[in-house]
Amino acid sequence: MPRKSPLVIGHRGAPGYRPEHSRSSYELALAMGVDAVEPDVVATSDGVLVLRHENEISGTTNVSGHPEFADRRTTKKIDGVSLTGWFTEDFTWAELSTLRCRERLPKIRRSSASFDDTQPILRLTDLLALIRQGSVEYGREIGIVLEIKHATYFERLGLDLAPLIERDLRAHGWADGELPLVIEAFESTVLARLRSTGLAASFIYLIEAAGKPFDLVTSMGKTAPAYADAVTPGGLDRLVGEVDGISVNKRMLLAPGATIVADAHARGLRVFTWTCRPENAFLSARFRSSGGKAAFGDYEAEWAAIARAGVDGVFVDHPDLGVAFFRS
C-alpha cells in the first residue's frame with residue numbers, strides 16, 4: 001500500500017516568492033495548492049495579534065525609515081538573547097498598520113525583495129478570513145498551523161498570548177473544527193494552557209536541534225531539560241497525552257541512524273519537520289551545488305530523504321515545488 005503523502009504547509013505563506021507573512025505570500029501559497037499555511041503570531045501593546053517571524057521587526061518591515069518611530073529603537077533580551085531594533089509590543093496596532101513588509105533574506109531572495117514596501121502587516125484575524133475565503137474559492141479544505149512566538153516573554157509583559165489566541169479563534173469561527181487547526185510552539189506550557197480551553201485543534205510541540213525551552217529554563221533554571229531530551233524514548237513517552245505530535249528541525253531527521261519518526265509514530269504522535277527549502281544556504285552540505293547561497297542545490301535528494309523518514313507534514317517556502325514533489 002502506498003504511503004500517504006505528508007501535509008504540505010506553506011511556511012509563512014510562500015516566502016520563496018514574496019515577503020513572508022504578507023498578503024500576497026499567503027494568497028500565492030493557497031493558489032499553489034498547500035494543505036495549510038503557517039503564521040507566526042506576536043502581540044502589539046494593545047493586545048492585537050500580528051503576523052511576524054519575530055517581535056523584533058527591523059528586518060521584516062520598513063520601520064527604520066519612519067522617523068516618528070526612531071525613539072522606539074532599543075535593546076531587549078528575548079528568550080535569553082540580546083536583540084537591538086524595534087519590537088511589536090512597543091507599538092499599537094494603529095501604529096504598526098502604517099508599516100510595510102520587507103523580505104527578510106534579500107541577498108538570497110532578490111525577486112521577493114522587489115515586492116518590499118508594498119504591503120501592510122497582517123493581523124491573525126486577517127489571515128483567518130483569507131484562509132476561509134481561499135477554502136471556498138479553491139474548493140478544498142485549507143488549514144492553519146499557528147505558531148506561538150515567545151509566550152513566556154510576552155506573559156511577563158502582561159500580554160498573555162493564550163487568551164488572545166483563543167479570543168481570535170473563537171470570534172472568527174476557528175474553534176469548532178470546521179477547518180483544520182493546528183497550534184504549535186517551542187514552549188510546552190502555553191500549549192497545555194490552550195489545550196485546556198477545549199479548542200478543536202491539534203497541538204504540536206516544536207523542537208530545536210539544540211538548546212533548552214525558554215519556559216522550562218524560566219521555571220527550572222539549569223535543571224531544565226534540553227530539547228533533545230524530548231525526542232528520546234522516555235521524552236516521547238512523557239509527551240503522550242500532552243500533545244498530538246512534534247515538529248523537528250530537519251537536521252534531526254537527516255542525522256545518521258535517526259529513528260525519531262518511527263519512535264514517535266509508535267507512540268501515536270505525529271511528526272512534522274521544518275523547513276524544506278531549495279537554496280544552497282539551507283540545504284545540508286552534501287546536497288549543495290555550485291553557484292552560491294541563492295542557487296538551488298539538489299533539494300529533491302534532501303526532500304526524498306525526508307519523505308522516506310515517513311513524516312506527516314513538511315513546511316515549505318516554495319509551495320509549488322513542495323506540492324509537486326511531496327505529492328508525486
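So, what share of the 328 residues in the chain is buried? Buried residues come to 53%, where buried means under 20% relative accessible area with a 1.4 Å probe, protein chains only. Quick caveat: this is a predicted model, so local features need pLDDT of at least 70 and side-chain atom pairs count only at pLDDT 80 or more, while totals for chains, interfaces and linings use all residues. Residues are numbered from 1 along each chain as its sequence is written, and side-chain values use heavy atoms, with hydrogens and water left out.

Okay, the overall fold. We've got 13 helices and twelve strands, meaning DSSP runs: H or I of at least four residues for helices, E of at least two for strands, numbered from the N terminus. The radius of gyration, taken over C-alpha atoms, is 19 Å.

Now the inside. The largest nonpolar core has 100 residues; that's a set of buried Ala, Val, Leu, Ile, Met, Phe, Trp, Tyr and Cys joined through side-chain atoms within 4.5 Å. Ile148, Ile183 and Ile246 have the most contacts inside that core. Contact means heavy atoms within 4.5 Å. Leaving out residues up to four places away in sequence, Ile183 touches, among others, Leu146, Ile148 and Phe203.

Last stop, Ser24. Ser24 sits in helix α1, residues 23–31, and is buried, at 16% relative accessible area. Setting aside neighbours within four places in sequence, Ser24 contacts Arg18 and Gln119.

Conventions: Buried means under 20% relative accessible area, exposed over 50%, partly exposed in between (1.4 Å probe, protein chains only). The radius of gyration is taken over C-alpha atoms; the globule rule is 2.2 Å times the number of residues to the power 0.38.
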